Amino acid sequence: MPDFCDVALPVPLDTAFTYAIADGMQPVIGGRVLVPFRQQRLSGIVVNLHDHKPKVQTKKLIEVLDPEPVLDPSLMRLGKWIADYYLAPLGEVLRTMLPLGAEFKRMISYRIAEAGHLALHEAGMSGSSSRSRKTPDDQLAEFRVLDYLSERDEVKEESLRAATRVSKSVLTGMVRKKWIVREDHSSARDAARVVKVAVLRGAEGKLNANQRTLIDTLAAAGGKVPVETLHALEVPRTTLGTLVKRGIVLMVEEPAGFTMSALKARPSPFDFQFNRAQQEALQRIQESVNARKFSGMLLHGVTGSGKTAVYLAGMRSVLDAGRSAILLVPEIGLTPAVAADLRQIFGDRVAILHSALSDQERAEQWHRIKRGDARMVVGTRSAVFAPVSDLALVIVDEEQDSSYKQEETPRYHARDVAVMRAKMANAVVVLGSATPSLESYFNARKNKYTLLELPDRVEQRPLPEVEIIDMRQEFQETGQEQVISRRLAQEIRERLDGKEQVMVLLNRRGYSPLVLCRTCGKVLECKNCAIALTHHKRSHRMECHYCGYVAAIPKACVHCDSEYVYFLGTGSEKLEELLHGMFPQARIGRLDRDTVRGREDFERALNALNEGELDLLVGTQMIAKGHDIHGVTLVGVVGADAALGFPDFRAAERTFQLLTQVAGRAGRGQTPGKVILQTYFQEHYAVHYAATHDFSGFYDKELRFRSWMHYPPYSALANVLVRSDKLDETLEWSGVLGKWFEKTRHEGTRVLGPAAAPIVRLKRDYRYHFVLKSSSREKLNALLRSMLAYASQQKIPRTQVIVDVDAVWLM
Ligand SMILES: [Zn+2]
Ligand SMILES: [Zn+2]
């Protein structure tokens with residue numbers, strides 16, 4: 001065994017740390033180890049084993065957590081690529097790839113130190129008045145802690161904080177003063193939970209009634225049932241023991257986490273009766289998979305063209321060949337109904353990873369995949385790291401969806417990681433969408449990807465007719481600002497009279513998005529962000545949609561105390577109320593983040609619409625994505641073009657995508673659909689092309705604009721954000737970096753900034769940014785890397801300079 005190992009730790013530092021390997025320990029590359037780091041214990045991944053004694057004193061490994069690698073060489077390679085491409089610390093990347101946090105138990109404890117006893121004694125002698133510079137609250141808190149610890153040996157952090165009601169920062173301050181000592185006893189927790197499972201081996205010989213019941217239950221469930229389930233039957237527990245003794249039933253232990261019960265044999269929800277285009281697309285995918293070479297494909301299918309059926313058929317043939325596939329979906333697409341369908345098609349071979357899983361459940365699913373029990377993986381962003389072996393096919397549904405970009409370190413884009421993973425595995429990647437991103441469509445046009453098109457809806461259903469309403473003209477004709485135009489109101493009435501269903505999109509939640517003072521002209525803003533607070537009527541409060549800050553509804557202006565405060569604009573909550581007023585007979589539901597707290601709420605609202613229990617559904621972009629509800633014949637779009645006013649080069653693309661997606665909800669059943677699109681930007685090409693279902697028209701126009709402005713896909717782009725809760729620091733640091741950019745040669749790369757970010761204050765931080773555009777990704781990354789090195793030299797903390805490569809949001 002080598003003497004040393006390098007460990008990547010989940011800390012914001014671009015380096016691995018060397019530890020000495022004690023006798024008898026056998027760490028492996030790609031396996032986890034527990035190490036001391038500063039005052040804590042951390043779990044990290046071994047990236048290298050060697051005999052080079054470092055110049056500095058090394059600490060020893062505490063424990064080897066995995067005898068075998070948890071990240072195989074291909075995933076390690078992928079992790080290094082991500083760290084390199086997105087300029088993220090490798091340890092943080094590897095932690096993101098490995099959802100095993102539940103297997104590591106944090107245990108921090110405190111005990112009182114000599115100086116603490118002394119301080120407590122002094123306070124007892126002189127009273128507390130001498131420590132005058134601190135607030136009495138903090139001081140009292142500290143003495144509560146000292147008092148509590150003085151009578152005990154060592155106390156766990158949770159117990160200490162519960163007993164003394166102090167914040168972590170008070171404890172940290174006391175550790176710094178050496179009044180108390182912090183000990184980290186964190187350790188590996190027992191691996192995944194196991195359950196006892198009974199397995200049917202064959203039923204020979206005579207059986208009594210009780211034995212028969214157990215055997216029948218086992219047989220009906222496919223031969224495997226958790227023992228717990230059998231114990232719940234009305235059969236004496238000894239019966240099972242008898243069957244085991246006779247060799248009819250075998251007892252095994254299996255990791256918990258997969259529901260083997262209740263896989264009823266319903267008919268498959270997808271008939272794989274394909275039209276010609278679907279058939280061709282499937283065939284191309286299958287041929288490429290069989291070639292066992294990397295290949296990228298873009299499946300561009302209009303809304304309602306049956307893309308999902310193609311994905312699932314492709315995955316099923318991969319499963320039949322004994323290989324593995326991963327399907328990525330945006331969060332909102334992964335409803336429980338979809339999960340049920342997947343279980344029916346793939347049985348116990350599918351693992352479903354979504355954000356509602358607990359850490360424990362996530363770890364269990366990870367082990368099922370790693371063992372090869374589940375070879376079909378369906379999940380959101382991080383499912384791209386699923387540890388499958390013999391990967392044949394990766395599918396990214398709604399590949400343009402911005403939820404694939406992680407908005408914290410590592411800021412990876414799951415679609416792009418999927419492409420790279422497929423490349424490394426000689427697998428096929430299929431990107432699917434009705435509205436592909438400019439980047440992906442550009443790659444297809446350049447023949448980097450094979451373009452597969454599904455130009456028609458299934459069963460020759462027509463795309464909906466779109467009518468544009470110019471809201472400026474509506475204002476001139478009616479003399480007031482309307483939310484629902486006369487035309488839309490009339491159409492809604494007709495549909496409701498005809499017992500048809502309607503959806504209305506307003507992509508802004510809350511009641512009123514703006515509170516304005518008529519005396520001083522100021523807007524009521526969040527305490528932590530440069531963002532107007534939104535009025536929420538039902539919960540009776542003001543809310544910041546960016547940081548969650550909540551305030552009371554103002555009776556007077558907070559700036560000048562004037563009582564002339566006005567609530568302006570309309571959010572989805574107010575729209576629902578308006579529609580109730582206009583159509584009192586209609587059953588109206590609302591779908592936005594205020595009404596949907598969990599996946600069940602979401603499912604319930606869509607089910608109600610599907611079952612005909614609702615006539616009208618109002619909502620934000622949540623209603624736009626992927627649902628297949630046949631009764632909806634009219635979609636109204638209210639103010640969906642507001643984003644066109646944002647200072648973001650992707651605003652037109654996003655608006656086009658949203659309009660196309662929501663329009664796609666209309667007319668998916670027997671009756672053709674119609675869309676009424678209300679807009680203040682009637683001439684804008686994003687509105688025009690969405691209304692005519694002309695993707696390639698939009699694409700050509702938008703591409704010309706991107707080319708002029710040197711934006712992606714014509715350049716590699718990065719956003720560098722400098723932030724601090726102190727304005728002075730933000731200005732100083734961005735000035736320092738700005739000067740460095742100025743005097744550093746960077747051919748082929750344009751640096752814009754420093755400038756105030758469009759949202760100049762967010763979650764208490766002041767924000768300045770640089771936008772970098774480069775004709776060469778290598779040059780861009782090299783420049784960013786030296787900028788980070790310079791920033792660290794200048795003592796600017798790594799966490800305060802955010803590098804976002806291929807940034808999706810520039811706000
Ligand atoms: Zn005022
Ligand atoms: Zn805020």
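I kept in mind throughout that the model is predicted.

**Entry 1: the zinc site**

I began with the zinc ion (ligand 1) and looked up which atoms hold it. Its protein donors are the SG atoms of Cys517, Cys520, Cys557 and Cys560, at 2.3 to 2.4 Å from the ion. Along the chain, I read their spacing as C-x2-C-x36-C-x2-C.

Next I asked which parts of the chain Cys520 and Cys557 bring together. I found Cys520 in the loop between strand E24 (514–517) and strand E25 (534–536), while Cys557 sits in the loop between strand E27 (550–551) and strand E28 (565–568); the pair therefore ties together parts 37 residues apart in sequence.

I then checked the geometry. The four donor atoms make angles of 106 to 114° at the zinc ion (ligand 1), and the site is tetrahedral. For comparison, I noted that the ideal angle for four tetrahedral donors is 109.5 degrees.

Cys557, at 6% relative accessible area, is buried.

**Entry 2: the strands around the site**

I found an open sheet of three strands in the order E25-E26-E27, paired antiparallel. E25 and E27 are its edge strands, each pairing on one side only.

I looked at one pairing in more detail. E25 and strand E26 (residues 541–543) run antiparallel and are joined by three bridges. Across from Arg541 in E26 I found His536.

**Entry 3: aromatic rings**

How many aromatic pairs does the structure hold? I have 17 in my notes.

I picked out Trp81 and Tyr86 from among them. Their ring centres lie 6.2 Å apart with the planes at 90°, so I logged the pair as edge-to-face. Trp81 and Tyr86 are both buried.

Tyr86 also pairs with Tyr85. Here the centres are 4.7 Å apart and the planes at 65°, which is over the 60 degree cut-off, so this pair is edge-to-face too. Tyr85 is buried, as is Tyr86.

Elsewhere I noted one aromatic cluster, formed by Tyr441, Phe656, Tyr685, Phe695, Phe698 and Tyr699.

**Entry 4: charges over rings**

Last, I looked for charged side chains over aromatic faces. Arg518 has its charged end over the ring of Tyr566, 4.0 Å from the centre. Lys177 lies over the face of Trp179, 3.9 Å from the ring centre.

Notes. Residues are numbered from 1 along each chain as its sequence is written. Chains are lettered from A and ligands numbered from 1 in the order in which they are written. This is a predicted model: local features need pLDDT of at least 70, side-chain atom pairs count only at pLDDT 80 or more; totals for chains, interfaces and linings use all residues. Side-chain values use heavy atoms; hydrogens and water are left out. Donors are N, O and S atoms within 2.8 Å of the metal (3.2 Å for Na, K and Ca); water is not among the atoms, so sites may look incomplete. Four donors count as tetrahedral if all angles lie between 85 and 135 degrees; four count as square planar and six as octahedral if opposite donors are over 155 degrees apart and all others between 65 and 115; anything else is irregular. Helices (H or I, at least four residues) and strands (E, at least two) are DSSP runs, numbered from the N terminus. Buried means under 20% relative accessible area, exposed over 50%, partly exposed in between (1.4 Å probe, protein chains only). Rings of Phe, Tyr and Trp (its six-membered ring) pair if their centres lie within 6.5 Å; planes under 30 degrees apart count as stacked, over 60 as edge-to-face and the rest as tilted. A charge sits over a ring if NZ of Lys or CZ of Arg is within 6 Å of the ring centre and within 35 degrees of the ring normal. Two strands pair if DSSP finds at least two bridges between them.
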